[in-house]
Each structure stands twice: as structure tokens, then as C-alpha cells.
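Subject: Structure handover

Hello,

Here is the structure I promised to pass on. Please open it and keep it beside this email while you read.

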Amino acid sequence: FAELCRKINSLGYKSIIFGSPALRKNKTVNYKEIISRLNDLILTSTRFGLTLYFEALPSIYSDILNSHKELINIQKKIHFDSATFISNGKTLNDLNSILPFIERFHLSVPGYGMNFTDFPILKDIYQELIRNKIKGTIEIQNRKKKEK
């Protein structure tokens, strides 16, 4: 991880995100050890001048860090994933309670596909994040070849 941080820093990047569902399934250590390891990753990335964000993922993808509140317990500034937020059944009131902690975001839908119109709450989420001058992107990972 340290070597990866060194390379990322040398390319001029200022932050990285740890999503990686494959590394977050079938946990073999207790939660206290997981938190210790996450803190080690934060310290390592900081040593290389990078801000490390963790991504909250729905429990179908990850055994740890399944909510934005968990992220806030680890770091005071977080990356917001709307797919996880929606999958967890959260509302705009829930968004308002974590808004002060959100430093960056990506808009995505459960399943990480292109069906954004199936989730009308996304428009409200987006407007609230932009109104608060939070920078973000759109994430689509699951695209069918024949779709435009």
C-alpha cells in the first residue's frame, strides 16, 4: 500500500478511495483489528501527502463499512456513495444529518448501472450536495454493451 501511495503521489494526485469489495468480504479478524488496520492505511496515505477515503458499500458487497455513519466514526470527512445510501433505505433527513461530514461524493444507483431515472431521490440528493458546494462524479460500473 505504501508503494501504491508513493506512485499515486508522484502522479500529482491528492486523494485516493478504498472501495474494493473483494478485499472486504469473508472477514477473518475482529472489528477492533479492522479499525486498527484502517487507521494504519490512513497514516500511510497521510505520510505520502494523500487523503484516503473509505467507501461505504451495501452489505451484499462488503462485510465492513456498510454505512456512512461508520465512516464518520473513523474519519471526520467522508466520501458519499448514493447507491449505498439508497440501498440502506435512507432519506433526505438522513442526508442532512451527515452532510457536514461529506467532502466528496459520487452519484450511483444500487447495482451501479445506468438506471438513474428509477431513483427519483437522486435528483434531491444531487441538488443538496451541489448546494453545499461538495464536489463529485457519476459512477457507472455495470453497463450493457448494447446500451448507448
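Helices (H or I, at least four residues) and strands (E, at least two) are DSSP runs, numbered from the N terminus.

First, some ground rules. This is a predicted model, where local features need pLDDT of at least 70, side-chain atom pairs count only at pLDDT 80 or more, and totals for chains, interfaces and linings use all residues. Residues are numbered from 1 along each chain as its sequence is written, and side-chain values use heavy atoms, with hydrogens and water left out.

Two strands pair if DSSP finds at least two bridges between them.

Now look at the pairs. Strand 3 (residues 78–81) and strand 4 (residues 102–107) are joined by four bridges. Within that pair, His79 stands opposite Arg104. Phe80 has Phe105 as its bridge partner in strand 4. Four bridges also join strand 4 to strand 5 (residues 135–138). There, Leu107 stands opposite Ile138.

Helix 6 (residues 121–131) comes back here. Together with strand 4 and strand 5, it makes a right-handed β-α-β unit. Right-handed means this: with the strands pointing away from the viewer, the path from the first strand over the helix to the second runs clockwise.

**The core**

In soluble globular proteins, nonpolar side chains tend to be buried together. Which residues touch the most other members of the largest nonpolar core? They are Phe54, Phe80, Leu95, Ile102 and Leu129, out of 33 residues in that core. Helix 2 gives the most to this core, with four residues. A nonpolar core is a set of buried Ala, Val, Leu, Ile, Met, Phe, Trp, Tyr and Cys residues joined through side-chain atoms within 4.5 Å. Buried means under 20% relative accessible area, exposed means over 50%, and partly exposed lies in between (1.4 Å probe, protein chains only).

Click on Phe80 next. Leaving out residues up to four places away in sequence, Phe80 touches a list that includes His68, Phe85, Leu95, Ile98 and Ile102. Arg104, Phe105, Ile125 and Leu129 are also among its contacts.

**Salt bridges**

How many salt bridges does the structure hold? It holds four. A salt bridge is a side-chain nitrogen of Lys or Arg within 4 Å of a carboxyl oxygen of Asp or Glu.

- Lys25 pairs with Asp63, and their closest N and O atoms are 3.6 Å apart. The two lie 38 residues apart and link distant parts of the chain. Lys25 is in the loop between strand 1 (15–18) and helix 2 (31–47), and Asp63 is in the loop between strand 2 (51–54) and helix 3 (68–74). Lys25 is partly exposed at 33% relative accessibility. Asp63 is partly exposed too, at 30%.
- Arg37 pairs with Glu33, with the closest N and O atoms 3.0 Å apart. Both are in helix 2, four residues apart, so about one helical turn separates them. Arg37 is partly exposed at 45%, and so is Glu33 at 32%.
- Arg131 meets Glu128 at 3.0 Å, N to O. Both lie in helix 6, three residues apart, about one turn of the helix. Arg131 is exposed at 56%, whereas Glu128 is buried at 18%.

**Two positive phi values**

Leu65 is not a glycine, yet its phi is positive, about 55°. Leu65 sits in the loop between strand 2 and helix 3. Is Leu65 buried or exposed? At 1% relative accessibility, Leu65 is buried.

Lys133 also has a positive phi, near 60°. Lys133 is in the loop between helix 6 and strand 5. Lys133 is exposed, with a relative accessible area of 74%.

Best wishes

Technical notes
Contact = heavy atoms within 4.5 Å.
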